[in-house]
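Good morning, and thank you for coming.

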Amino acid sequence: MTDAPARPTDSLAESTATLEALLRDGYGLTVTSMKFLGGELDRNYRVRTPDATYLAKFQLQAADRAELQWQEDILLHLAEQDLHVPVPTVVRTVSGAPNLAVDSGPELGTLRVFEWVHGTELAKVAEHTDVLLTELGSTAAHITAALDGFTASDLLPTHHWDVTNSRAAIESCIAEDPGLADLEYVRTVLAWFDSVEPRLASLPTAVVHHDLNDNNVLVSVDGDDQHVSGVLDFNDALRSARVAELAVAGAYAMLRKPDPLGALGLVVTGYNDVAPLTDNEIDVIFPLSAARLCVQVLTWTSRGRVDPTAYGRMRMQYTLPTLLAVARLDPAVASAHLRSVCGRVASPATDDARHFVANATAATILGYSRTSFPGDTADSPVRPAVGEPATYSPHLSVHHHRADIWRPEIGEPETVSLGSTFWLADGTVVYAPIEGRVVETEPLVIEHGGVGDAPFAYSVWSGVRPLAGAGRIVAAGEPLGETIDPHSSGTPILRVQIVATRDLALRLPSYVSATDAPYWAHVCVDPAPWFGRTRCEKSDDVSGFVRGQGVWLYDNRGVRYLDARSEGGVHLAHGDRRIVAAANRQMLSLDVASDVTMASRLLTRRILSTMPASLDTVLFTDTADQALRLAERLARRATGRTSTVRPNEYSTGESDPSAPAAAVIVEAVVADGVHPTSHELCASLCAGAKAAGSVVIVDETTSGPGRSGTHLWQFDAWDVVPDIVVLGRRLANGHPIAAVVTTSEIAHDIEGDGNRYNANPVPAAIAATTLDIIENDGLLQRAHAVGAYLRTELTTLASDVSAVSDVRGYGLIAGIELSGGSMTSVAAASYTRAVRRRLAQHSVLIGQSGKGGNVLTVDPPMTFSHTDVDLLVARLADVFTMADIRPADTDSSS
């Protein structure tokens with residue numbers, strides 16, 4: 001039923017007055033505001049009334065009347081279902097019709113009104129929680145269940161976006177642009193699709209939404225609490241394979257994820273919890289999701305060449321990188337992971353092969369059983385001499401020597417070794433562990449088992465010159481070949497890998513990323529039983545930093561990160577050998593003492609040699625907080641007053657002259673937000689404090705020695721002599737020590753035994769070495785040069801980023817404030833956090849500070865170089881271009 005045509009309008013898209021009249025007369029709605037939202041086929045408006053918000057859609061094409069009918073019918077059907085998520089609800093006209101016909105000149109158009117569905121588009125949510133992605137999967141299952149029983153004769157049999165018809169869609173794009181056929185990812189995705197297409201007809205069918213893309217899914221966001229709040233646009237609904245719904249939702253869930261397969265697994269988990277999947281359905285999900293991404297990329301590539309749009313560019317910005325990341329994955333590995341998250345055996349064939357390998361009686365592969373074992377990580381093993389034991393690294397070991405081999409297309413290095421690895425002498429003879437048939441020689445692949453009920457297992461031997469040709473049967477203990485050094489690395493590497501299929505054996509990589517390693521573990525058999533060792537058992541839910549060197553941190557997965565953050569506390573560099581040697585020497589002689597130690601006396605002398613002559617006493621504590629409290633207590637005793645102030649905090653430079661303080665605490669840079677204070681203001685504050693009889697305390701804990709780039713201590717630049725100087729753990733390169741440097745007159749009345757303020761000997765030795773390194777290595781000059789370059793490069797970058805409102809700094813410390821444009825304080829803090837997190841995903845670590853939490857803090861080790869600045873700025877520039885993490889309206893719709 002449709003209401004009779006209303007009065008005509010020649011240009012309804014531009015005539016809001018006419019639309020207001022139609023809404024008033026046809027729907028009884030009093031419009032208070034209206035916003036045109038655009039649209040490809042529909043003209044969409046957000047309409048506000050005194051009581052509610054609506055979506056008004058006007059379509060001019062009368063030929064689509066039948067299509068409009070089933071679109072309305074599907075929403076009317078859903079309105080009667082117990083749906084777990086809001087969807088558009090049809091608002092009827094004053095006469096009870098689901099739409100209003102409009103006489104628009106030569107054509108008959110249709111006006112439809114829906115209740116507004118509130119939420120933020122999934123595409124505009126910077127980071128998606130695991131809970132949200134799992135909920136997306138369950139939402140897809142609930143919608144499919146709610147559509148059960150819906151019938152419409154006018155429902156399209158297929159269309160361009162039908163994921164089960166992806167080959168036709170891809171071929172139509174290639175017909176418009178034949179060059180697309182030569183793209184490697186197109187060939188890969190088509191091969192995957194062709195491998196599962198014959199199974200699609202036998203899968204369970206259902207009416208599916210078929211377009212749960214990240215613009216059609218709405219989310220409620222409260223910090224990290226994210227939930228699906230609505231689903232829009234049922235215009236692509238089809239009767240299709242039931243799993244098509246999940247494949248489409250999973251495809252868009254993979255966008256912008258450093259671990260796309262992990263994201264897909266979460267969506268599949270949510271779906272399977274509501275509607276258990278069959279094994280055949282699970283196996284087609286990944287190829288279909290990849291096909292959907294490929295269709296999207298090729299479609300917008302073709303359309304963009306004819307009629308480029310902002311929407312198309314936005315879509316391509318994230319879809320193509322995700323498709324490239326997905327295309328490098330292995331479908332067998334993906335299927336195993338998805339089976340695993342659904343509670344199935346990840347790979348039955350691999351399980352059978354694993355049992356076969358574990359129960360086989362194996363001969364010694366090296367002719368001798370001696371191997372040295374460095375543990376489950378390997379740095380840079382040394383080549384053994386002939387006759388010496390091989391160095392052995394087990395399956396899934398992290399090879400840290402590969403951490404520098406950055407793979408930009410995956411955002412991390414490939415550091416995890418698949419299979420058992422041996423570093424051997426040249427020409428070492430390798431023997432067959434069990435009987436098998438050679439099926440390939442480059443690399444050497446041997447087929448085992450397959451006799452009677454025995455399963456197949458395929459062993460891959462890399463770094464071996466075969467002695468037997470393809471088809472040859474080799475017996476257990478028979479020579480297979482000799483080790484070679486194909487890459488001229490100077491260290492021949494033998495790697496033994498085992499899988500369940502020949503196809504997988506031929507495409508098996510030697511190394512994978514730490515992200516992908518748990519997925520490959522599903523399809524790789526640990527060869528350890530062949531070498532008389534226990535199988536590798538690893539926990540994948542614990543990660544953290546295990547090593548630092550220079551300006552780099554390395555985690556237990558072998559991924560390295562550029563450390564440019566203040567939270568780390570390291571002042572000079574990670575792993576400086578001179579600091580390590582100083583700590584080792586001191587620990588070997590005296591590591592802990594409650595009395596005065598030589599290390600404490602030497603550090604006292606070293607610190608005082610850098611201070612004004614009047615500062616002749618050093619009192620040590622373990623932390624900066626303890627040192628600051630001690631300094632304030634000394635000031636109160638010296639003046640008989642009680643209050644202390646920080647007048648230059650956030651550069652206000654104001655204090656109450658009517659109530660002189662016991663102490664005035666001054667610092668050149670307020671750490672929280674990186675607020676530098678001018679030398680003139682600092683000098684003025686110190687002079688004013690002394691005139692008022694207050695004790696001047698200079699807080700050096702933020703910057704540490706030499707970071708200003710001009711003086712060892714920041715107060716030296718002010719031409720003043722403070723009464724107390726407070727030093728923090730940067731004095732000892734981040735190790736636990738702090739100090740109060742003051743005059744003997746102020747310190748003379750210290751309560752209790754002065755020995756309680758002696759330094760722990762180990763941090764004391766490190767601190768003295770730190771001061772020596774700053775002086776001997778010219779780090780003051782380096783901080784000045786690199787700090788100036790850092791601020792220049794950040795300022796240049798900021799000129800192209802509207803969100804950046806200020807770049808400021810002092811020496812080798814910089815702050816980037818994000819509050820530009822129309823951002824609210826909440827949005828600015830959220831964006832700052834998103835930038836910092838996304839940058840960490842790109843292996844660069846920076847800090848976040850400021851009263852509003854909207855300042856990115858760059859406070860790197862003093863050995864930071866111009867090259868390190870270039871890397872930091874380049875990665876930061878990349879993150880600033882990522883539209884998905886920019887602040888967005890909290891209430892939007894498509």
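**From one residue pair to the whole chain**

Let us begin with V725, which stands opposite V741 in strand β38. Please keep in mind that what you see is a predicted model. The strand pair in question is β37, residues 724–727, and β38, residues 738–742; they run antiparallel and are joined by four bridges.

Now step back to the sheet around them. Its six strands follow the order β31-β38-β37-β36-β33-β32, the sheet is open, and the pairing is mixed. Strands β31 (617–621) and β32 (644–645) stand at the edges with a single partner strand each, so one side of each has no neighbour in the sheet.

Which helix packs on this sheet and touches β31, β32, β33, β36, β37 and β38? That is helix α16, residues 624–639, whose direction makes about 25 degrees with that of β38. Helix α17, residues 679–691, also packs on the sheet, where it touches β33 and β36. The direction of α17 makes about 170 degrees with that of β33.

I turn next to another set of strands. Strand β8 (residues 120–121) is joined by two bridges to strand β10 (residues 217–222), and the two run antiparallel. Within this pair, E121 stands opposite L218. Strand β10 also pairs with β11, residues 225–231, again in the antiparallel sense, over six bridges. Here S220 stands opposite H227. The hairpin of β10 and β11 has two residues between the strands, and G223 takes a positive phi near 65 degrees.

As for F286, its contacts beyond four places in sequence include W192, L261, V326 and P331.

F880 brings us to helix α22, residues 866–880. This helix has 15 residues and reaches 21 Å from its first C-alpha to its last, close to the 21 Å expected at 1.5 Å a residue. Its buried residues are D868, V869, L872, V873, R875, L876, V879 and F880. Why do these buried residues line one face of α22? Seen down the helix axis, they fall within an arc of 165 degrees, so they line one face.

Y318 lies in helix α9, residues 310–327. Is Y318 buried or exposed? Its relative accessibility is 12%, and because buried means under 20%, Y318 counts as buried. Leaving out residues up to four places away in sequence, Y318 touches L255, R256, T881, M882, A883 and D884.

Finally, the chain as a whole. Its secondary structure comes to 22 helices and 43 strands. Of its 894 residues, 55% count as buried. Among contacts with a separation of 6 or more, 71% are between residues 24 or more positions apart.

Conventions. Residues numbered from 1 in each chain as written. Predicted model: local features only at pLDDT ≥ 70, side-chain atom pairs only at ≥ 80, totals over all residues. Heavy atoms only, no water. Pairing = 2+ DSSP bridges. Contact = heavy atoms within 4.5 Å. Axes fitted to C-alpha atoms, helices over the stretch in contact; angles between N-to-C directions. Expected span 1.5 Å × (residues − 1). Buried < 20%, exposed > 50% of the residue type's maximum accessible area, 1.4 Å probe, protein only. Arc of directions from axis to C-beta.
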